[in-house]
Amino acid sequence: MDLRAFLTALDTDGDLVHIAAPTSPVFEVARAIAAQDGIPLLFENLPGFPGWRLASGYVAQRAHFARVLGCSIEEIVPRLAAALEKPGTPPHVEEAPCQEVVEPDVDLTRIPIPRYHPQDGGPYITAGVTVIQDPDYGRNLSFHRLMRLDGNRFVGRIVERRGTDTAWHKFPDGLPMAVCIGLPPHILLAAALSPAKGVDELGIAHALAPAPTVRCKTVPIYVPAAAELVLEGILTHEFTTEGPFPDLTGTMDGIRQQPIFRVTAITHRQAPIFHALLPAGLEHKNLMGMPREPTIFTEVNKVTQCTGVYITPGGCSWLHAVVQIAKQDLDDGARAIEAAFRGHTSLKHVVVVDTDVDIFNPADVEWAIATRFQADRDLYLFIDQPSSSLDPSARQIPGQKARTAKMGLDATLPWGESYEGYMRVSYGVYS
Ligand SMILES: Cc1cc2nc3c(=O)[nH]c(=O)nc-3n(C[C@H](O)[C@H](O)[C@H](O)COP(=O)(O)O)c2cc1C
């Protein structure tokens, strides 16, 4: 399923909001997305960009992934865990939608790249999936925000020691790279994963739903054929300032010297659809948090039976998780807490609950803490731990991992007591 088929499916169910009123990519698009965060939007009138449309919010809900995977929301994490275990092999095609139009000239100013916030360093691509070919590990997909500098150059935010950065160091003349925009949900989700080195994220996507590839025109890279827009080019070793730009936490990220991406070709579909992802919005959160859930799920399953994991939006979809277990032993809650921290090293706070608690409902999780948790018995505190650089309250040490205190709350039923007084009454079902 490509993005258009997915939007049509949303539309058929009345889940897509069409915005026919003229909406400028300079601040107006961001304002509209922020006002309706979580709702799929299709902007059909972008003044100054005839022929273009802009989509947002189509991966803002778990239901969107469930729809494309053909499963329930609860089944997404086990499906992802299975695809991570057993990726597929995407086939190549000779003719692809993403190359319907090969632009004769490179002019990035003709693409409706939004400006999100007045403090931003420039217009930003936020939902671009970069594809690179590492000589040792093969293809790698990841997200890198890109700030437009002029008609043919961006500066990228390339976090150190990850797939793109590692490959870039192996190419002294610059790393061939393609940036794909307007991808279907399963490819976005796979691109957000961090599998073991050498595992192709597009193979994982293909295990979830078909993801055929096509060779780029000017760089030796195979990209998802279904993309709406592909920017081909070289990630150079020239540097310039990148930022400021809002981070996942909704706070402003600072300015850094980062590498310049020089664009050599632009290809796209007829009447292309640009994907704009609001920084710190629900799409950003989903794509950051969900891929960590299967890794927590797998780790917790090594120590007890894990029945669900939710990385919560209130915790920036990165720092907080709720883990559900089918408790079978006195220490299962404590074991699950330690395993969850192993499964997602940036995790800061975790709550472990029983199977009768709805992990997707914050009030239900709080109810479990209120009725099953005692701080002097069930609180696990870990001080001075390596942490996420995204947490503004963590102790930041230049050149090193940030440090933080971590906390696990075991809100499962106390072992060995009578559960009678702990169980929730239900109304309307009486035998
Ligand atoms: C929406 C979104 C935006 C992201 N933005 C960036 C970014 O600007 N720079 C970056 O290095 N990583 C960014 N990431 C994280 C990378 O995609 C992530 O580190 C990558 O999946 C790691 O995979 P790798 O180690 O296989 O490269 C972002 C992730 C998501 C989901």
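Author: Helices, of at least four residues, and strands, of at least two, are DSSP runs numbered from the N terminus. With that in hand we can go through this model, which is a predicted one.

Reader: Where does aspartate 2 lie relative to α1?

Author: Aspartate 2 belongs to the segment before α1, the helix that covers residues 3–12. Its side chain comes within 2.8 Å of the backbone nitrogen of alanine 5, and a second polar contact, of 2.9 Å, links the side chain of aspartate 2 to that of arginine 269.

Reader: Which residues is aspartate 2 in contact with, leaving aside its neighbours within four places in sequence?

Author: Once those neighbours are set aside, aspartate 2 is in contact with Pro184, Ala226 and Arg269.

Reader: How should I read the packing of two helices, and what is the angle between α9 and α10?

Author: In general, a packed pair of helices is described by two quantities, the angle between the axes and the distance between them. Here α9 (residues 293–301) and α10 (residues 332–343) pack at an angle of about 140°, and their axes are 8 Å apart. Because of that angle, α9 is oblique to α10, and the crossing of α9 and α10 is right-handed.

Reader: Which residues of α9 and α10 meet?

Author: From α9 come Thr295, Ile296, Glu299 and Val300, and they meet Ala336, Ala339, Ala340, Arg342 and Gly343 of α10. Sorted by class, this contact of α9 with α10 has five nonpolar, two polar and two charged residues.

Reader: Turning to the ligand, how many residues surround it, and which are the closest?

Author: The ligand is surrounded by 18 residues, of which the closest are Arg145, Arg157, Val159, Arg162 and Gly163. For arginine 162, an N or O atom of the side chain is 2.6 Å from an oxygen atom of the ligand, while for glutamate 201 an N or O atom of the side chain is 3.2 Å from a ligand oxygen.

Reader: What should I look for in the backbone itself, and is the peptide bond from glycine 243 to proline 244 cis or trans?

Author: As a general rule, most residues other than glycine have a negative phi, and most peptide bonds are trans. The bond from glycine 243 to proline 244 is cis, with omega near -5°, and proline 244 sits in the loop between β13 (229–242) and β14 (245–246). Alanine 271, although not a glycine, has a positive phi of about 45°, and alanine 271 is found in the loop that runs between β16 (256–268) and β17 (273–275).

Definitions and conventions: Residues numbered from 1 in each chain as written. Predicted model: local features only at pLDDT ≥ 70, side-chain atom pairs only at ≥ 80, totals over all residues. Heavy atoms only, no water. Axes fitted to C-alpha atoms, helices over the stretch in contact; angles between N-to-C directions. Parallel < 35°, antiparallel > 145°, perpendicular 65-115°, else oblique. Left-handed = near helix turned anticlockwise from the far one by under 90°. Contact = heavy atoms within 4.5 Å. Nonpolar A, V, L, I, M, F, W, Y, C, P; charged D, E, K, R; others polar. Near = heavy atom within 4 Å. Polar contact = N/O pair within 3.5 Å; in protein donor to acceptor, adjacent residues only side chain to side chain.
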